[in-house]
Amino acid sequence: MRKLILSSLTILLLCCAAAGQQAAPPQPQPLTFYYDYRVNPGMEEEFMNLVRTVGAPVRDKLMADGVVMAWGVETPVLRYPGGTTHLIWFSVANYDGVEKVLSGMEAQLAKLAAEDAKAAEAARARKQQPPMTTAERTRAVFDMSKTRDWLTRDIVAGYGAPPAAGTLPFTRYNFNKVKPGKGADYRRAWEKYNKPVFDKLVADGVVLAYGLAAEDVKTDGDFTHFVWIATANMAGGDKVGAAFAADRARRPEDERDTINATFLSLLEPDMARSIITRSRIFKVQGMK
């Protein structure tokens, strides 16, 4: 579902200031790890129970330690046969953070397995049926052979103030395939024409956060880049569309033609796809 490159030239442009000026630090480019799941019908609540008892304690602890920047659980607004039903994601600053989360999950699963073994032994001593183990519950909830993992990097991103506790955003993902060798050109065009609109929407509180991202470990050929836009509600999506329409409308016709021609020269329009998800759990550092 996620059908989810970093240019050394772009890093240079970001890191270097004009001659005689102090060099500006590079923009942070966090990593986001996604797990796509296909939950069996009727097992949705049990899936959330597993999230709360298995993964949430690990991610919450690492968030408190400053390793995890944000994490959440989302469900697609639009369903389709055989598609992802739930996804879990967490964002960290670097690969060290990814390793700490994965190691924490392994330790948590080992701890739960040991507790399950003790519970089973106690049940047998009482001549009772042992309770389902965490592993058995997992197999009943979803098919691990259909789980898909993604590791992506935000090439460009913008964030507003941490939202109020209890906020459950909607997120739109727009996937695009950039023509070979055009990645740096696409980023420059995107930052020139799209980023200012998103930055204004963040400043106005319409958009909670946004990013231009790509797989950091390339696994899929259906897309090269994707844009994610988080809003507090679906009405925010209306305002995003209106803001872009207004931005283009205020430009002279020849400039609008230039923008359209630029993106058409860089992208394969027939490969564009979008999804919208709704957060079921959403946590970010500094959330009030």
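**Aromatic rings**

Mentor: Phe 33, Tyr 35, Tyr 37, Phe 47, Phe 90 and Phe 142 form one aromatic cluster. Rings of Phe, Tyr and Trp (its six-membered ring) pair if their centres lie within 6.5 Å; planes under 30 degrees apart are stacked, over 60 edge-to-face, and the rest tilted. This is a predicted model, in which local features need pLDDT of at least 70 and side-chain atom pairs count only at pLDDT 80 or more, while totals for chains, interfaces and linings use all residues. Residues are numbered from 1 along each chain as its sequence is written, and side-chain values use heavy atoms, with hydrogens and water left out.

Trainee: How many aromatic pairs does the structure hold?

Mentor: The structure holds 22 aromatic pairs. In the one formed by Tyr 34 and Tyr 173, the centres are 6.3 Å apart and the planes stand at 80°, an edge-to-face arrangement. Tyr 34 belongs to strand β1 and Tyr 173 to strand β5 (residues 170-176), so this pair ties together parts that are 139 residues apart in sequence. Helices (H or I, at least four residues) and strands (E, at least two) are DSSP runs, numbered from the N terminus.

Trainee: Are Tyr 34 and Tyr 173 buried or exposed?

Mentor: Buried means under 20% relative accessible area, exposed over 50%, and partly exposed in between (1.4 Å probe, protein chains only). Tyr 34 is buried at 5%, and Tyr 173 is buried at 2%. The rings of Trp 150 and Phe 223 also have their centres 6.3 Å apart, but their planes are at 55°, so that pair is tilted. Trp 150 is in strand β4 and Phe 223 in the loop between β6 and β7 (225-231); the two residues are 73 apart, and their pair links distant parts of the chain. Both Trp 150 and Phe 223 are buried.

Trainee: Which charged end sits over the ring of Phe 223?

Mentor: A charge sits over a ring if NZ of Lys or CZ of Arg is within 6 Å of the ring centre and within 35 degrees of the ring normal. For Phe 223, the charged end is that of Lys 218, 5.0 Å from the ring centre. Likewise, the charged end of Arg 59 lies over the ring of Trp 71, 4.4 Å from its centre.

Trainee: Which way do β1 and β4 run?

Mentor: Two strands pair if DSSP finds at least two bridges between them. Strand β1 (residues 31-37) runs antiparallel to β4 and is joined to it by six bridges; Phe 33 has Leu 151 of β4 as its bridge partner. β4 also pairs with strand β6 (residues 207-215), in the antiparallel sense over seven bridges, and here Gly 158 has Tyr 210 of β6 as its partner. Nine of the twelve residues of β4 (residues 148-159) are buried, leaving this strand mostly covered.

Trainee: Which residues of helix α6 are buried?

Mentor: In α6 (residues 195-203), these are Val 197, Phe 198, Leu 201 and Val 202. Seen down the helix axis, the buried residues fall within an arc of 140°, so they line one face of α6; the arc is that of the directions from the axis to the C-beta atoms. Their cover includes β4, α5 (183-193), β6, β7 and α7 (235-249). Just after α6, Gly 205 takes a positive phi of about 80°.

Trainee: What does Tyr 95 touch?

Mentor: Contact means heavy atoms within 4.5 Å. Not counting residues up to four places away in sequence, Tyr 95 touches Leu 31, Leu 151, Arg 153, Asp 216 and Val 217. Tyr 95 lies in helix α3 (residues 95-125) and is partly exposed, at 40% relative accessible area.

Trainee: What is the mean pLDDT of the chain?

Mentor: pLDDT is the predictor's confidence in each residue, from 0 to 100. The chain has a mean of 90, with 91% of its residues at 70 or more. Over residues 1-24 the pLDDT is below 50, and this stretch has 51 contacts in the model beyond near neighbours in sequence. The chain holds eight helices and eight strands, and 43% of its 288 residues are buried.
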